[in-house]
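Hi there,

Here is the structure I promised to pass on. Have a look at it first, and then read on for what turned up.

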Amino acid sequence: MPRTLITGGAGFLGSHLCDRLVADGHDVICVDNFLTGPPDNIAHLRSHPKFSFMEHDVTSYIDVPGPLDFVLHFASPASPIDYLRLPIQTLKVGALGTHNALGLTKSKGGCFLLASTSEVYGDPSQHPQGEHYWGNVNPVGLRGVYDEAKRFAEAMTMAYHRYHGVPTRIVRIFNTYGPRMRLDDGRALPTFMRQALRGEPITVYGTGRQTRSFAYVDDTIEGIFRLLHSNVTQPINIGSRDEISIMDFAREIIALTRSSSEIEHHPLPEDDPKNRQPDTRLARELLGWETSIGRAEGLARTLDYVRSKVAQDL
């Protein structure tokens with residue numbers, strides 16, 4: 001059976017990916033330093049015979065004995081509140097961490113998958129965003145530490161593919177939600193749900209006309225899994241085409257939670273993208289993938305998780 005290493009495996013997406021690969025028969029090595037991913041996310045896997053854990057900062061050399069068939073690089077702060085708090089670490093994990101993970105893959109003769117992001121498109125002048133679009137990123141803005149770290153990681157990945165012949169995959173992940181999101185990570189969905197359940201004002205930045213496209217975590221993991229087992233080396237968008245404005249999304253959460261919360265507007269952060277919607281034609285054509293879980297079902301599943309976490313904090 002395949003032996004697979006996942007950096008950032010204790011994070012939101014990384015932990016779900018550990019679940020999926022263990023269930024599929026992979027021997028999974030999860031590498032994390034718990035900078036932003038809590039240990040609770042992988043606690044249920046600790047005793048599984050196909051799961052092992054190594055606490056390590058991947059910006060330092062990664063030494064793993066034995067063969068590796070796959071290396072999946074998911075280590076990185078991924079929400080604005082995290083990468084704005086940890087700008088140097090974010091840049092280092094995108095640069096040094098990617099280099100170390102690629103070097104490990106090359107030495108083992110394995111296949112490398114990079115978790116990139118829709119943020120490589122920046123504040124896009126093209127809508128929806130297709131993989132051929134090069135983006136509109138402010139390299140010296142506050143968000144540049146994340147955007148440029150991922151853009152560099154993509155360039156490094158393709159350099160290893162072209163120069164060293166390493167089999168590589170690049171997934172550009174759009175807004176994903178579901179259980180195991182941190183309620184304090186600053187992203188819209190966990191923030192809105194937490195505020196609504198507590199009866200606090202719902203924080204909407206700017207007018208709320210900016211849009212996002214939310215995919216449930218199971219759909220995103222399925223897309224990543226299919227890409228991993230494909231021969232597609234070009235970047236692939238994985239995300240939902242179901243676009244909604246942040247204002248409408250806030251109203252949707254208030255209705256779902258039956259909350260009495262009011263919407264409160266705050267200034268729009270610097271370089272906040274006005275629109276997010278993936279063009280997923282390549283994922284459909286090359287991977288046979290598209291989302292299957294509608295927002296109503298996904299939000300209901302996520303609400304159960306958020307409700308339990310809010311109750312624990314009371």
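Let me start with Phe192, which counts as buried because its relative accessibility is 2% (buried means under 20% relative accessible area, exposed over 50%, and partly exposed in between, with a 1.4 Å probe and protein chains only). Before going further, some housekeeping: this is a predicted model, where local features need pLDDT of at least 70, side-chain atom pairs count only at pLDDT 80 or more, and totals for chains, interfaces and linings use all residues. Residues are numbered from 1 along each chain as its sequence is written, and side-chain values use heavy atoms, with hydrogens and water left out.

Back to Phe192: what does it pair with? Its ring forms a tilted aromatic pair with Phe249, at 6.1 Å centre to centre and 40° between the planes. For the terms, rings of Phe, Tyr and Trp (its six-membered ring) pair if their centres lie within 6.5 Å, and planes under 30 degrees apart count as stacked, over 60 as edge-to-face and the rest as tilted. Phe192 sits in helix H5 (residues 188–198) and Phe249 in helix H7 (residues 246–257), so the pair ties together parts that are 57 residues apart in sequence. Helices (H or I, at least four residues) and strands (E, at least two) are DSSP runs, numbered from the N terminus. Phe249 is buried too, with a relative accessibility of 0%. Both rings belong to one aromatic cluster, together with Tyr177, Phe214 and Tyr216.

How many aromatic pairs does the structure hold? There are eight. Another of them is Tyr121 with Tyr133, a stacked pair at 6.0 Å centre to centre and 20° between the planes. These two tyrosines are twelve residues apart, both in the loop between strand S5 (111–117) and helix H4 (144–164), and both are buried.

That loop between S5 and H4 also holds Pro128, and the peptide bond from His127 to Pro128 is cis, with omega near -10°. Most residues other than glycine have a negative phi, and most peptide bonds are trans. His127 and Pro128 are among the contacts of Gln277, whose list, leaving aside neighbours within four places in sequence, also has Gln129, Phe174, Ser213, Arg241 and Glu243 (contact means heavy atoms within 4.5 Å). Gln277 lies in the loop between strand S13 (263–266) and helix H8 (281–287) and is buried, with a relative accessible area of 10%. Its C-alpha atom is 9.2 Å from that of Ile244, 33 residues apart along the chain.

Asp271 has a positive phi, near 60°, though it is not glycine, and at 30% relative accessibility it counts as partly exposed. Arg180 also has a positive phi, about 85°. Arg180 is in the loop between strand S7 (176–177) and H5, and it counts as buried at 17% relative accessibility.

Which residues line the second largest pocket? Arg180 is one of them, along with Pro38, Asp40, Asn41, His44, Met181, Arg182, Leu183, Asp184, Tyr305 and Lys309. The pocket has about 230 Å³ of space. On a 1 Å grid over the protein atoms alone, a pocket is an open set of points where a 1.4 Å probe fits, with protein on both sides within 12 Å along at least five of seven lines, and lining residues have an atom within 4 Å of a point. Grid points are joined across faces, edges and corners, and the volume is the space filled by probe spheres set on the points.

Two of those lining residues, Pro38 and Asn41, are also in contact with Ala10, as are Ser15, Cys30, Asp32, Phe34, Gly37 and Ile42, leaving aside neighbours within four places in sequence. Ala10 is in the loop between strand S1 (3–7) and helix H1 (12–23), and it is buried at 0% relative accessibility. Ala10 and Thr36 are 26 residues apart in sequence and 8.6 Å apart in space, C-alpha to C-alpha.

Last stop, Tyr160 in helix H4: it is buried, with a relative accessible area of 10%.

Cheers
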